[in-house]
Amino acid sequence: MRAVRELPIDVAPVVEDVVDRFEVRLEYRRRFVRGGDGPLCLMTQRRRLDAHLAEQAAAAGADLRDGVKVDDVELNGDSVAATVGGARIRAKALVGADGVNGVTARALGLDGRELGVALEGNLPYDRLDRDRYAGRLVLEVGVVPGGYGWAFPKRDHVNFGIGGWESEGPRLRDHLRRLCAAHGVEPDELTDLRGYRLPMRRPDSGLVRGHALLVGDAAGLVDPVSGDGIYEALVSAQLAAEAITTGTIDTYASKLRERLDPLASAGWGAKVALDRFPRAVFAIMRLPVTWSALEKVVTGEVRDPASTRGVERRAMKLIEALARRAGDPGRAYEAPPAAPA
């Protein structure tokens, strides 16, 4: 829901399920279920959401050129140029929103990031118990290094998937088979099987060069612990648009880091803590006070775990303490302390 808060348009036409409960299970054994006061997550499919956003942009005046190749990106002082569908286009600015496999970051020499990997497939509800999954987001923790397994409900099917460190790529099919077995699903029955990469920027990753800016997955803005990138994509897009229209492109990178570094820091910390101490993190997560804090982050009531207060903040600090014991890479995203006056 934190991503929905950033949208200037209604996404109801492409919503396939509304999640109001999270089920978290440790090592396919112990589990807990927590609900919220309202919707926690809207379920859609990226192909439908992306098409909807493109249609809304075109309706607002964008010149949409679908299915064309972009190459030969060139920076020219205070302008940019690129070949789009064979035609040479010049503009005051270029925003690279072409994802993890796009050409913009490579063309600009800004391709510095870590990678995760994931594998997913779908199973129709006529092969499942709809009551088991509808309205419920299932997370399987402690089952794959650097990530988790999931079951996400959609309109007519459930999406089963697994994601982790890039080094887990050769073992993803085995991980997915174990996930399916835990849910009583035959892996061979999954359809639309798809693997993909999850880009996570480094603290010093480049985000802008001249009058060209990167946003979303092209900038490596995927959340390290959740693998989600829609919120970060929308925030970066808004900041990029503001920088271009106000003539302050040189401030884009610093403003994006100010907005998203606290979330990246917490995400990396939680990721390594869960990897190293899955049972301890699971025990902390199931505490009502911890869930209350996480719910506020998920729904966008607070921007990041460090923005929680009182007992909720103390619960988050328990995970931060485990992260430090695990060699927390998230500390590299923290702003240095201000120099004394």
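Mentor: What follows goes through a sheet, a hairpin, some helix packing and a cavity.

Mentor: This is a predicted model, in which local features need pLDDT of at least 70 and side-chain atom pairs count only at pLDDT 80 or more, while totals for chains, interfaces and linings use all residues. Residues are numbered from 1 along each chain as its sequence is written, and side-chain values use heavy atoms, with hydrogens and water left out.

Trainee: In what order do the strands of the open sheet of 7 strands lie?

Mentor: Helices (H or I, at least four residues) and strands (E, at least two) are DSSP runs, numbered from the N terminus, and two strands pair if DSSP finds at least two bridges between them. Here the order of the open sheet is β3-β2-β10-β11-β12-β9-β13, and the pairing is mixed. Because β3 (30–35) and β13 stand at the edges with a single partner strand each, one side of each is left without a neighbour in the sheet. Direction ignored, neighbouring strands of this sheet are turned by 20° against each other on average.

Trainee: How many bridges join β2 to β10?

Mentor: There are 6 bridges between β2 (residues 21–26) and β10 (residues 136–141), two strands that run parallel, and R21 stands opposite R136 in β10. In a regular strand, the side chains alternate between the two faces of the sheet.

Trainee: Do β6 and β7 run parallel or antiparallel?

Mentor: Strands β6 (residues 79–84) and β7 (residues 87–91) run antiparallel and are joined by 5 bridges, and A81 has R90 in β7 as its bridge partner. Their hairpin has 2 residues between the strands, and G85 takes a positive phi near 60° there.

Trainee: How should I describe two helices that pack together?

Mentor: Two packed helices are described by the angle between their axes and the distance between the axes. Axes are lines fitted to C-alpha atoms, for helices over the stretch in contact, and angles run from 0 to 180 degrees between N-to-C directions. Angles under 35 degrees count as roughly parallel, over 145 as roughly antiparallel, 65 to 115 as roughly perpendicular and the rest as oblique. Helices α8 (residues 288–299) and α9 (residues 310–325) pack at about 95°, with their axes 8 Å apart, and are therefore roughly perpendicular to each other.

Trainee: At what angle do the axes of α7 and α9 cross?

Mentor: The axes of α7 and α9 cross at roughly 175° and come within 10 Å, which makes α7 roughly antiparallel to α9. In their contact (heavy atoms within 4.5 Å), A280, V281 and I284 of α7 meet A315, L318, I319 and L322 of α9. These residues divide into 7 nonpolar, no polar and no charged, where Ala, Val, Leu, Ile, Met, Phe, Trp, Tyr, Cys and Pro count as nonpolar, Asp, Glu, Lys and Arg as charged, and the others, Gly among them, as polar. Helix α7 (residues 278–285) also lies across β2, β3 and β10, running at about 150° to β2.

Trainee: Which residues lie nearest the centre of the largest cavity?

Mentor: A cavity is a set of points on a 1 Å grid over the protein atoms alone where a 1.4 Å probe fits but cannot get out, and its lining residues have an atom within 4 Å of a point. The largest cavity is lined by 13 residues, of which R201, L221, V222, P224 and A264 lie nearest its centre. By class, the lining has 9 nonpolar, 1 polar and 3 charged residues, and its largest share, 4 residues, comes from α6.

Key. On a 1 Å grid over the protein atoms alone, a cavity is a set of points where a 1.4 Å probe fits but cannot get out, and a pocket is an open set with protein on both sides within 12 Å along at least five of seven lines; lining residues have an atom within 4 Å of a point.
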